[in-house]
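Work through the exercises below with the sequence and the coordinates open. Each task is followed by a stepwise solution.

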Amino acid sequence: MKRYKIIANICFALILIAMPTSKLLAENLPIDNESSKSVIKNQHWEIFTNRDNVTALLVSDDGSSLWVGTEAGLEKRDALTGEIKEIYTNQNGLPNNKITSLLSDNHGGLWVDTWDWEQGEGSGLLHINQDGTLEVLNKENSGLLDNNIKSIISDEQGGLWIYTWSINKWNGRGISHLKPDGSWNIFTQDNSELPDDDIASFISDGHGGLWIGTYYGVAHLKSDLTWELFNDDNSDLPPNWVYALISDGDGGVWAGTADALAHIKADGTLELFSKDNSSLPSNAVTSFLSDGHGGLWAQGYDPGDFTHIKSDGTWEVFNNEQFALPGAKIKCLLADDQGSIWVGTDGGLAHLKDDGSWEAFSSENSGLTSNLVKSLFLDGRDGIWIGTDGGLVHLDRDRSWKVFNSGVSGLPNNHILSLLSDADEEGDLWIGTNNGLAHHKTDGTWDIFNKENSGLPDNTINSLLNDQRGGIWVGTDSGLSHFKVDGTWENFNKENSGLPHNNIQKASLASDSQGGIWVATDGGLAYFKADGTWEIFNKTNSGLPYSSFNSIISDDQGGVWVTSYYWEYHWGGIISTPSRWVSTVAHLKADRTLDIYNTENSALLENRTIHSISLDGEGGLWIGTDGTLLHLKADTTWQMFNKDNSGLPHNWVIGTISPDKTGGIWIGTDGGLAHFKADGTWENFNPENSDLPDDYVTSTLSDNSGGAWIGTSSGLAHLTFTSTDIEMTVEPVTQSGTVLPFFALDGKILLKARTSIIEGKISRVWAVIRPPHMDNMVDDNGLPALTFPKTEIYPSETEKNIWEGVWNGFVYKGDYEITFYAEADNGQIESSESVKLTIVGGKELPEKASLKVNINTDSSDEVYGAGESLILSVTENLSYGYDLYVALIMPDGQFTALKNRVQDCSELKEYNQLNQTDRWPDINRNMANPVTVLDMILPQEKLQPGRYCLYAALIPKGQDLITAFDKGLFTLDGACFEITISSIF
């Protein structure tokens, strides 16, 4: 095989130079700046969440652990006692705290799908390995088409089938197959015979293939990657809309459609069942459940219709005429070992016994904590675990009930709408949520108020205001409520008072010095005076441009600032003016004169909602919109802040703006918490650089001690700062010494460290490893140009204050220096003394980093034709601290940068887009062993004939690419070959 000469391959260097430096990961930091959290020193986070909303359940393969997915994190519990063993949140590795589904990896680990319902987007797929290490797969580092994961199932051979969905119909929808060897296959409507990218159901066929139900029929992707399609054009399948699939256990599949139950047998024949020729109560079948004995349950379009098709071919039908389900919507189904089924609904739990009788459970007649049953799972002992939006419940086989609430906090709901400091008790906090009002006291106790246990008219708490007499005013969706200091409640609504509308939105209450309160509503601006009379301001009786208002604040001089947002409709005519949404800020002064600011006379933009306003302390106003942050100064000049001209992390200021005690402001955005300080500098906090539970910040409130309370869509956080570093130590438990060959064969060695801390807690521990010969690559100053590798380690389950984990990079003979780092929850970082491990049984140590591109073929020359196998792999040696780039250059000069193993020629065009660069992900690299990057049988078409070259390059992590090439800080290898196929790519 003829090898290229480096000097002749300037083209690949030019390709790498074109790669954007933003592709280099933030992880590639020098070891004295390992944590992005340490950028803002001494931050300390206290998080309050409610994990009682259970969304997914799974018992581990060995039956010892119960995994509980919630809206506020993942719990690992003892499957026998229910005791919490470990909690995972964004503070220790979860990409998002909202768990949607769980799947065993069949090796003692777990796949976790997370979703941000507020943002309407996914966060990728998390893998918790058996050893406790975490790995996140997303569209940037894997074969996932999108981070929005709709379904994951096992391929029953050690891999995963993953269906992703994106709002963009042409990008992000399709099926990704993560194979057991770590390579990926991608199937979309464009690159395969998949009939539609909108998929309702898919199941493994048990032989390495997949059955897929779509809106255009059923597709069978076989293990040899051939397709078999069933639709109303080529078969008797009724309408193409397929709701659900389930295996028949014999190589075929049952398909539930909108007009019949279809049985597609292994030989491809089709059998149809409907009301006319069977016992089905309705033609539509929307979901299936195996009965565990070779039969199945089929649910009809009506939630109460169930048909049991037994393994002996007999049918049983149950419907609402025999027994009405406790709820109108079915949330989950479970078949037990006795041949009966459990039905979780939005109104309780139903049990259809094997003798045909029903029993129903609700919070009124059983131990259920809530009637909304969202998940069910067998405990392996004839009992079941039940997940509700009110906590985890266990129903034992003796029909005894036990409740496992998280006990993390008294928050009734994680979606925070409003915050208020208690006027009488410094440090106490009132929290308005979607499910009631919480009072958090400084002694750690909680009081919870809702419609059921108090005088609240509604559980949605939008606005809070002190009444200056020890009570609070509460704005809800159903009017205004006054919680007085004596514990009594008084409610005001449109029917019993002068309140013009019952809908009181966020930040819609303000007080004045005369003891009155202002209420901004959808029907006008109301002033409730201290004498109990009402004064109403609207479009009809004042100069206000509209009668619907969404935020208000007192000007401290007897007047108020108020905002409105309304649709300005223009009729067509000779001169047509487009209709538009208009935002307005009005200043109603104490003398009842008005200043009006709108899109014509200010910096306010069209079609932008105003979410919050705040005084600047100097007679001006801060205004948060969904497009920018505005500052109206006292001299009526305007300042505009956005991502492009300031440190604002996101242009959508959706949360409240709260002044701090030094003249700055706290700002809630769609991209995290922003702190705009009085000196003009910015501090930004998000789940990636802090312990903020969510980047959707709905509310902010200064705590008057330099910190802030932050309400998010995933819970409540309290951010404080310590003035000095706390006393913290980290010391190695792993001792220096020689590692024998037997323990070094697979490159994995257990690393352990012990930590201690006087105040606060240890939030993270990791090890930085200096392998042998890493100093061979140096910069102009003679300093090492490579970032030392690191690995996260995690708390031991058996030893207190011990952290442990493995690193699989002990590949070569030689000395490895290990230093442990610990980070406290205030951002402080400490390091240990280094230890040295000498590996005597590893691979021979190269003198320097190197690459080799391998072409594996039976051909004796470098010319290949249709039908021949072509396998290309890359072998890395001593590549610690490098990023790997792999690119295939086409005969016409175009290139595709490979980021996953390619197994079909169409992937070169359809999946890895031409002339767009990307980095080969670290999870698909293997030191000192070849990694296949291309493996295909050359087809008769689609490939352009001519000369192809595959190049691989190592670039130091964190290095500027142009500078790296100029200074020779790279390693390059490649190979070229001819393809003789006369077709067009």
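**Exercise 1.** Find the residue with a positive phi in the hairpin of β12 and β13.

Solution. Five residues lie between the two strands of this hairpin. The model is predicted, with local features needing pLDDT of at least 70 and side-chain atom pairs pLDDT 80 or more, while totals for chains, interfaces and linings use all residues. Numbering starts from 1 along each chain as its sequence is written, and side-chain values use heavy atoms, without hydrogens and water.

**Exercise 2.** Determine how β12 pairs with β11 and with β13.

Solution. Strands are DSSP runs of E, at least two residues, numbered from the N terminus; a pair needs at least two DSSP bridges.
1. β11 (residues 160–164) and β12 are antiparallel, over five bridges. I162 faces S176 across this pair.
2. β13 (residues 184–187) is also antiparallel to β12, joined by four bridges. Here H177 is opposite N185.

**Exercise 3.** Are the residues of β12 buried or exposed?

Solution. Buried means under 20% relative accessible area, exposed over 50%, with a 1.4 Å probe and protein chains only.
1. Five of the five residues in β12 (residues 174–178) are buried.
2. In a regular strand, side chains alternate between the two sheet faces.
3. G174, S176 and L178 point one way, I175 and H177 the other, and all are buried.

**Exercise 4.** Which side chain of opposite charge is nearest to D113?

Solution. D113 sits in strand β7 (residues 110–116). The nearest is K150, 8.8 Å away, and D113 is buried without a salt bridge (a Lys or Arg side-chain nitrogen within 4 Å of an Asp or Glu carboxyl oxygen).

Definitions and conventions. Lys and Arg count as positive and Asp and Glu as negative; His and the chain ends are not counted.
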